[in-house]
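Please look over the sequence and the structure shown here, with attention to the charged side chains.

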Amino acid sequence: MKTMKYLIAGALMLGMSTPAMAQEVSYAEALKPIVSAIEAAPNDPKAAKDLIKVYQKTFKKNEEAIVALGNVYLLQHNYTMATDVANSVINNKKMNGSKAYVLLGDIAALQDSIGNAGAAATQYQTAISLDPHNIAAYERYAKVYRHVNSKVAVQKLEELRKVEPNYPVEATAAEIMLNDGKYSEALSWYDKADPANMSEDNFYNYGFASYISKKYDKALDVVKKGLQKFPGSEYLSRIGMMAAVEQKSYTDAINFANVMFAGKGKKVSNDYDVYAKALLGNKQYDEAVTNVNKALELDQKNIEPLKTLAAIYTAQGNEDKALEAQQEYLMKSKKATSNDWATLANTYIAKAEGITDRAAKNEVLAKAVEVYETMVTKFPSISDWIWLNESNVANMMNDPDKVAEIYQKVAAFEEAKPSLNEDSKSYLENVYYGLGYYNSKKGNKELADEYYNKVLKVNPNNENAKKALGM
């Protein structure tokens, strides 16, 4: 892969981190000090002036090199200088000018705040007219035109295939959709693509789109096909590791991880975290902890590995350390979910199950109740689900009065709804029956029968309620 990829997000519309044309080492190296000088003084029009003069003199006959200089200006949003460079090539009768028109198209595209693509597309079309094999021009045309008319965009790629028969039209169309976050459409195009014409980047993005769409089987299939063409690819192996973990195929995940870590590319925090999950699934707890710590060290802002750490301690039966990790995560996270909070409550419950002393057990279970009460304030829309979980804890504490109190909350919550879905009906049926049983045990038959009748209004076929009513 020419560019290391970890996530597909926030890419520039034109993907112009480097000049579009192939780079010769000579001019690429010569551009480096120019780029450094311009970046150091972006507001100084004379920055790198002498270096640029030498560069232009050295590469005055090289169209690619001159346009590459224009791209340097473009990336600094210095549209005036970028345009001047492009026009200098166009006005040079000894040069073809196709690549310069691509540069003019890029300038127009980046300056276009409306997104009508007209000006940019015109420049790209001129580039194609001058060089029908200018692949970048066709691709740029398709990318800027995708919002105006996606069919026309793809038709332009089909034109390219007429002069470049092996050009991967479907894969490029998929990349365009992917950059717009249209994963479903991207997958549809990838599915039509010929794997023989797909690049390593294509396979990576295809696998990632499958993964992000939670189609883990497809992601693994794409990775395996990609590795047949690009054996030892650390990038494809990264996707394979991620998808295999989601599939709980931990041995496969570890095998993918071994290939990925053997590569020379930069590794990120998420790599170590996912690897730790694979090791956890394979019950290699010590190695899992080591990799979680690497993930946390590599990116201190990424607190997601704390959840993995908690899961490792839970698997080892060390609830105290699991609780520490979970509490740290919840304290630091701004996007903790209801499931994250419920996991904390479950850890308290798991700890309590290992305690035989009733007072000590209830003390820990009370912590779980506190978590559920906090959840009600944070996630009020699922209060009924939270309360029912809390009622289970109250039952474990041998506190039927508390259970009944919670059931009444659930009943009131459901009764206030304008309509009931199947979950709500199920909740009502259970709490009504529970309240009937509770009042029956208390000797309050009249109220008990009232609740049993409510059960039958929700579910006329509830045999337990019928039996309680002597029916």
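The report below describes salt bridges in this predicted model.

## Overall count

Side chains of opposite charge can pair when their charged atoms come close.

Lys 267 and Glu 234 meet through their side chains in a salt bridge, with a distance of 3.2 Å from N to O. This pair links distant parts of the chain, since Lys 267 lies in the loop between α14 (250–262) and α15 (269–281), whereas Glu 234 belongs to helix α13 (residues 234–246), 33 residues apart.

Lys 267 has a relative accessible area of 12% and is therefore buried, because buried means under 20%. Glu 234, at 8% relative accessibility, also counts as buried.

## A pair within helix α23

Glu 422 and Lys 425 form a salt bridge through their side chains, at 3.8 Å from N to O. Both residues lie in helix α23 (residues 422–441), three residues apart, so that about one helical turn separates them. Glu 422 is exposed, with a relative accessible area of 59%, while Lys 425, at 33% relative accessibility, counts as partly exposed.

In helix α8 (residues 150–163), Arg 161 and Glu 158 are three residues apart, about one turn of the helix, and they form a salt bridge whose closest N and O atoms are 3.1 Å apart. Arg 161 is partly exposed at 24% relative accessibility, and Glu 158 is partly exposed at 32%. Through salt bridges that share partners, Glu 158, Arg 161 and Glu 170 are joined into one network.

Terms used: Residues numbered from 1 in each chain as written. Predicted model: local features only at pLDDT ≥ 70, side-chain atom pairs only at ≥ 80, totals over all residues. Heavy atoms only, no water. Salt bridge = Lys/Arg side-chain N within 4 Å of Asp/Glu carboxyl O. Helix = DSSP H or I, 4+ residues; strand = E, 2+ residues; numbered from the N terminus. Buried < 20%, exposed > 50% of the residue type's maximum accessible area, 1.4 Å probe, protein only.
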